[in-house]
Amino acid sequence: MDYKVKDMGLADDGELLIEWARSHMPVLALIKRRFEEERPLEGVRLGACLHATKETAVLVKTLEAGGGEVFLCGSNPLSTNDEVAAALARDGTPVYAWRGQTTEEYYWCVNRVLDHGPMITMDDGADLVNTIHSSRTEIIDGVKGGSEETTTGVIRLRAMEADGALRYPIVAVNDTDTKYMFDNRYGTGQSTIDGILRATAVMLAGKTFVVGGYGWCARGIALRARGMGANVVVTEVNPLRALEAVMDGFRVMPMMEAARIGDIFVTSTGDINVVDGKHMEAMKDGAIMANSGHFNVEINIPALEKMSTGKRRLRPSLDEYRLKDGRRLYLLAEGRLVNLAAAEGHPSEVMDMSFADQALVAEWLWNGPRLEPRVYEVPGEIDATVARLKLEGMGVEIDKLTDEQERYLRSWKEGTV
Ligand SMILES: NC(=O)c1ccc[n+]([C@@H]2O[C@H](COP(=O)([O-])OP(=O)(O)OC[C@H]3O[C@@H](n4cnc5c(N)ncnc54)[C@H](O)[C@@H]3O)[C@@H](O)[C@H]2O)c1
């Protein structure tokens, strides 16, 4: 069997983790049952570059139940759960993933997935698509389509589309309502706090907690930090988003001002150097920095390294940097997604929706007509199905429009009475 993981001895523990995730993912369970009967992915090779977590394992099992053959690599050097990777490999899935990879090892794994000639690609950050288009162009003709899980990946793919560089169709799973409104907001919100607490165990109540950005992820983080009693400050570059933050009751100010008062800084913008060297120059002794955006560029780590005289690891995922003036600044999880690198990523319940979208999109892409090489929205019926099944799984019932209400909502003739 072809795979590369950290330690196969971890497989039993991984199996238990997957079982725990599965029991919180009812929508994927329903899809899996249908897939077992209908086998909509029979003979399809799926190349997946996704965070190798227990929830991803449940998705992999669902795709395999549909007849697909899944080849998996992690989508971040620090986000793989080694237990889960071992369990998947033991069960027959070709997995190339372990926690703590060098950049070289990371792309080695991406290339092993591509060696199998995927017919569908699944990305979280567009590294598969990017590698295929830059150095593995020989496999492009065999790829019918792909999907993208995260905001940063969609931004990269839309840039490729605008440049005329994209050579096969991609569905922007991130942009569908049942994904970003829940995964990005509530998933990132909870798991980012989880990551910060596991890495530091500090008290949040009473701390000044600075959130860089007020997009879908960042607003979830701000909301949850406030819930823990932190004084939350938001920084933004988009006036509309800044206004939303103000009206949601947060203090909004430039990062330069926030830098002077913050105890904890968290970025989730998809942008570069949101916390820059000049901000670190202004920070208080003991300030903690973390990132929950896709790439480790949101905190200027090279600048931090340059202004430091020494560095030591205090706890897993917690590095202390000593500056020339004696101040100490702390960086969590090497500036990589703190929720995945220092904790376990999003809760299974929310990944149930994102990965239900992924499974249904793979089925739709494979069984539909060949599409032009563009970035596509998730079909509305998939979104509606996932929302309906999720509510059912949670035991929540909602009202139905009456005939009278349907007529009323369609009509333009009725106004003031
Ligand atoms: N940690 C995770 O598990 C996880 C999950 C989903 C998405 N993501 C990633 O998180 C990032 C944010 O995703 P999103 O869906 O919230 O995106 P979004 O587009 O909804 O929000 C990004 C926000 O950041 C703001 N911004 C950009 N540059 C800024 C700057 N210099 N200072 C302050 N604000 C700035 C933008 O104006 C925007 O409001 C992306 O990289 C995405 O891929 C991470």
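Strand 4 (residues 120-123) sends Ile120 and Met122 one way and Thr121 and Asp123 the other, and all are buried (buried means under 20% relative accessible area, exposed over 50% and partly exposed in between, using a 1.4 Å probe and protein chains only). This is a predicted model, in which local features need pLDDT of at least 70 and side-chain atom pairs count only at pLDDT 80 or more, while totals for chains, interfaces and linings use all residues. Residues are numbered from 1 along each chain as its sequence is written, and side-chain values use heavy atoms, with hydrogens and water left out.

**Strand 4 and its partners**

- Helices (H or I, at least four residues) and strands (E, at least two) are DSSP runs, numbered from the N terminus.
- Strand 1 (residues 45-49) pairs with strand 4 in the parallel sense over four bridges; strands count as paired if DSSP finds at least two bridges between them.
- Here Gly47 is found opposite Thr121 of strand 4.
- Strand 5 (residues 145-148) also pairs with strand 4, in the parallel sense and over four bridges.
- In that pairing, Met122 faces Ser147 of strand 5.
- Strand 4, helix 6 (residues 127-135) and strand 5 together form a right-handed β-α-β unit (right-handed means that, with the strands pointing away from the viewer, the path from the first strand over the helix to the second runs clockwise).

**Aromatic pairs**

- Five aromatic pairs occur in the structure; rings of Phe, Tyr and Trp (its six-membered ring) pair if their centres lie within 6.5 Å, and planes under 30 degrees apart count as stacked, over 60 as edge-to-face and the rest as tilted.
- One of them joins Tyr180 and Trp216, whose ring centres are 4.9 Å apart with planes at 70 degrees, so this pair is edge-to-face.
- Because Tyr180 belongs to helix 8 (residues 177-200) and Trp216 to helix 9 (residues 216-227), the pair ties together parts that are 36 residues apart in sequence.
- Tyr180 counts as buried because its relative accessibility is 19%, while Trp216 is partly exposed at 24%.
- Phe182 and Tyr186 make a tilted pair, because their ring centres are 6.3 Å apart and their planes lie at 45 degrees.
- These two residues are four apart in helix 8, so about one helical turn separates Phe182 from Tyr186.
- Phe182 is partly exposed, with 28% relative accessible area, and Tyr186 is partly exposed with 33%.

**Charges over rings**

- Lys144 places its charged end over the ring of Trp366, 5.4 Å from the centre (the criterion is NZ of Lys or CZ of Arg within 6 Å of the ring centre and within 35 degrees of the ring normal).
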